[in-house]
Amino acid sequence: MGGYILAIDQGTTSSRAIVFDGKQQVAGVGQKEFKQHFPKSGWVEHDPEEIWETVLFTVNEAIKKAGISASDLAGIGITNQRETVVVWDRQTGKPIHNAIVWQDRRTAAYCDKLKKQGLEKTFTKKTGLLLDPYFSGTKLQWLLSNVKGAHARAAKGELCFGTIDTFLIWRLTGGKSFVTDATNASRTLIYNIADNAWDDELLDILRVPRAMLPEVKDCAADFGVTDKALFGAAIPILGVAGDQQAATIGQACFKPGMLKSTYGTGCFALLNTGKDMVRSKNRLLTTIAYRLDGETTYALEGSIFVAGAAVQWLRDGLKVIKAAPDTGTLAESADPSQEVYLVPAFTGLGAPHWDPDARGAIFGMTRNTGPAEFARAALEAVCYQTRDLLEAMHKDWRSHGKETVLRVDGGMVASDWTMQRLSDLLDAPVDRPTILETTALGVAWLAGSRAGVWPKQDDFAKSWARDRRFEPVMDEATRKAKLKGWRNAVRRTLTQV
């Protein structure tokens with residue numbers, strides 16, 4: 001078969017499909033954006049049918065560009081936007097409502113109600129998560145309570161719940177496979193990450209019928225076979241992981257203490273803690289990094305809701321740039337005497353603050369503040385937020401005195417200016433890999449190794465290659481002053497001080 005593997009990367013704003021060859025190099029890519037729906041302030045939805053259509057389109061496009069046929073593929077890996085919820089009819093496969101997206105904040109009041117009942121400790125102990133609208137469980141509860149007849153139908157086993165991976169696998173296999181993997185399950189608020197099982201107590205609290213839940217598998221497993229009618233061949237689905245865990249695998253962060261951060265729509269940093277399920281005292285998340293051969297590896301995670309989305313705001317909202325790559329050049333020309341801070345709490349603040357009611361704010365503007373200063377503030381906001389996560393991780397889990405090296409990926413890391421500023425503000429080296437498609441590469445490796453056509457874990461880790469290391473050059477006094485200004489800006493933005 002030549003070792004060809006297809007990775008489906010279903011993201012927040014677009015679906016992508018990438019064919020990798022036997023040397024783990026990109027052979028063909030398809031990408032298609034889809035519409036974002038904002039029915040109310042703070043609500044974000046996707047049309048699952050449109051997502052499905054974009055996946056079919058991009059898969060065919062990637063296969064075509066790779067110059068191969070579907071029968072040349074040894075397997076498929078799927079990675080997906082996490083926490084986004086779909087509920088569909090078990091007989092027809094039709095969704096009962098739009099997908100509720102991870103960014104959606106409609107369940108904030110319900111989360112507050114559960115907190116007031118003293119239930120957050122119960123959820124955190126079992127799931128490693130906090131009671132926040134970000135996670136799947138309260139979104140699912142909202143659908144069951146607000147779509148007429150949904151709860152009764154779910155209890156009868158007539159409805160299926162899934163994150164995007166589960167929905168896609170269902171569709172790809174013609175309804176024959178109703179499955180997910182441990183990483184996606186771990187983000188639902190109803191999965192016990194110590195027991196690796198759906199939790200009856202949490203299901204009861206959220207009133208979620210067990211009959212609607214998928215089977216949970218390892219990240220590399222037999223998830224089913226595609227319907228031959230879709231692509232002209234039946235292709236085994238052999239790897240699944242949520243996007244941030246997939247990037248952790250793609251960055252070969254297999255050893256405890258290794259750290260990666262992905263800069264896409266949001267920013268997500270994961271620190272591998274091995275078999276040690278570290279309980280955060282600094283409002284980070286304890287999560288499953290991956291589960292292979294029945295053995296679970298855990299991670300500490302910091303989630304930032306707005307990273308690349310701030311650049312999209314500059315482009316589409318303020319219209320101060322024409323294209324995202326312009327941001328770095330513009331930021332470089334900013335007036336160094338102006339310290340402008342953007343706290344991009346467009347949908348609340350994530351870790352380590354977890355303030356869903358905070359909203360975006362800009363501090364330090366003068367009459368001379370213009371597009372260049374806005375661009376610099378947007379890019380620096382990502383760096384500052386990463387620094388906040390790193391400090392929290394160091395407090396929670398000591399890295400045995402070893403130097404912190406951050407492996408980075410995602411669209412924003414192509415900007416040299418941003419990566420240098422990130423290194424400066426972290427006061428740590430930042431490594432950019434030669435292959436930036438680390439999320440897709442991660443699930444491609446899961447599928448390829450499962451199929452026996454790609455190398456095992458150790459050899460895959462050795463193949464990781466660095467494009468460039470960014471070392472800090474900013475002086476300590478400047479760094480301290482800038483960080484002090486950032487913390488002051490955040491303090492003035494928080495609603496829960």
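Biologist: In which loop is R82 found?
Modeller: This is a predicted model, in which local features need pLDDT of at least 70 and side-chain atom pairs count only at pLDDT 80 or more, whereas totals for chains, interfaces and linings use all residues. Residues are numbered from 1 along each chain as its sequence is written, and side-chain values use heavy atoms, with hydrogens and water left out. Strands here are DSSP runs of E with at least two residues, helices are runs of H or I with at least four, and both are numbered from the N terminus. On that basis R82 is found in the loop between β5 (73–80) and β6 (86–89).

Biologist: Is R82 buried or exposed?
Modeller: The relative accessible area of R82 is 2%. With a 1.4 Å probe and protein chains only, under 20% is buried, over 50% is exposed, and values in between are partly exposed. R82 therefore counts as buried.

Biologist: Which residues does R82 touch, not counting those up to four places away in sequence?
Modeller: Contact is taken as heavy atoms within 4.5 Å. By that criterion, and leaving aside residues up to four places away in sequence, R82 touches W102, Y134, N184, R187, G242, D243, Q244, Q245, F268 and E301.

Biologist: At which residues does UniProt place the feature "binding site"?
Modeller: The annotation comes from an unreviewed UniProt entry; its positions are given in the numbering used here, feature names are shortened, and annotations may be inferred rather than shown by experiment. The residues that the entry lists are R82, E83, Y134, D243 and Q244.

Biologist: What does Q244 touch, not counting residues up to four places away in sequence?
Modeller: Q244 lies in helix α10 (residues 243–250), and at a relative accessible area of 5% this residue is buried. Beyond four places in sequence, Q244 touches R82, K260, T262, F268 and L270.

Biologist: How many aromatic pairs does a search of the whole structure find?
Modeller: Rings of Phe, Tyr and Trp (its six-membered ring) pair if their centres lie within 6.5 Å, and planes under 30 degrees apart count as stacked, over 60 as edge-to-face and the rest as tilted. Under these limits, the number of aromatic pairs found in the whole structure is 21.

Biologist: What kind of pair do the rings of W102 and F268 make?
Modeller: The two ring centres are 5.8 Å apart and the planes meet at 70°, so the pair is edge-to-face. The pair links distant parts of the chain, 166 residues apart, with W102 in the loop between β7 (99–100) and α2 (108–116) and F268 in strand β15 (residues 267–274). Both partners are buried, W102 at 5% relative accessibility and F268 at 6%. The geometry of the W102 and F268 rings is thus classed as edge-to-face.

Biologist: Which residues do ring pairs link into a cluster?
Modeller: W102 and F268, whose rings are edge-to-face, belong to this cluster. Its members are W102, Y134, F135, F268, F305 and W354.

Biologist: How far from the ring centre of W464 does R407 lie?
Modeller: A charge sits over a ring if NZ of Lys or CZ of Arg is within 6 Å of the ring centre and within 35 degrees of the ring normal. The charged end of R106 sits in this way over the ring of W43, 3.8 Å from its centre. R407 lies over the face of W464, and the distance to the ring centre is 3.6 Å.

Biologist: Which residues of α14 are buried?
Modeller: Helix α14 (residues 416–426) has 9 of its 11 residues buried, so the helix is largely enclosed by the rest of the structure. The buried residues are W417, T418, M419, R421, L422, S423, D424, L425 and L426.
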